[in-house]
Amino acid sequence: MVKPQIVVRLSPELLEKLNKYAEQTGASKTDVVIGALSQYLGCGEALPLNQKLAELEARVATVEALVKVS
């Protein structure tokens, strides 16, 4: 299935943040943008699988840190 494409213009600062985030997480810029739009528009079920996994890993790390403090 072919997915439609869109073109957006970003400020250099926002593009730099997008690039850094994608590099840090190992996600593609497309997946980051899709994930951000999905969350913003309230349709989290459309999140890419790797982003769902990254969010779960972050939540687990937070819980583990809380358990160690207790």
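This report covers the fold, the helix packing and the pockets of one predicted protein model.

## Basis of the model

Because the model is predicted, local features need pLDDT of at least 70 and side-chain atom pairs count only at pLDDT 80 or more, while totals for chains, interfaces and linings use all residues. Residues are numbered from 1 along each chain as its sequence is written, and side-chain values use heavy atoms, with hydrogens and water left out.

## Overall fold

The protein chain has three helices and zero strands. Its pattern along the sequence is α-α-α. Helices (H or I, at least four residues) and strands (E, at least two) are DSSP runs, numbered from the N terminus.

The C-alpha trace spans about 50 × 30 × 20 Å along its principal axes. The radius of gyration of the protein chain is 15 Å, whereas a compact globule of 70 residues would have one near 11 Å. That radius is taken over C-alpha atoms, and the globule rule is 2.2 Å times the number of residues to the power 0.38.

## Packing of α1 and α2

α1 and α2 pack at about 105°, and their axes are 9 Å apart. Axes are lines fitted to C-alpha atoms, for helices over the stretch in contact, and angles run from 0 to 180 degrees between N-to-C directions. The two helices are therefore roughly perpendicular (65 to 115 degrees; under 35 is roughly parallel, over 145 roughly antiparallel, the rest oblique).

From α1, L18, N19, Y21 and A22 meet K29, V32 and V33 of α2. Contact means heavy atoms within 4.5 Å. The contact residues are five nonpolar, one polar and one charged. Ala, Val, Leu, Ile, Met, Phe, Trp, Tyr, Cys and Pro count as nonpolar, Asp, Glu, Lys and Arg as charged, and the others, Gly among them, as polar.

## Pockets

The largest pocket has a volume of about 450 Å³. A pocket is an open set of points on a 1 Å grid over the protein atoms alone, where a 1.4 Å probe fits, with protein on both sides within 12 Å along at least five of seven lines; lining residues have an atom within 4 Å of a point. Volume is the space filled by probe spheres set on the points, which are joined across faces, edges and corners. Of its 13 lining residues, P4, I6, T30, V33 and I34 lie nearest the centre. Helix α2 (residues 29-40) gives the largest share of this lining, five residues. By class, the lining has nine nonpolar, two polar and two charged residues.

The second largest pocket holds about 170 Å³. Its lining is V8, L10, L14, K17, L18, Y21, V32, V33, A36 and L37. α1 (12-25) and α2 are the elements that give two or more residues to this lining. Nine of the lining residues are nonpolar, none polar and one charged.
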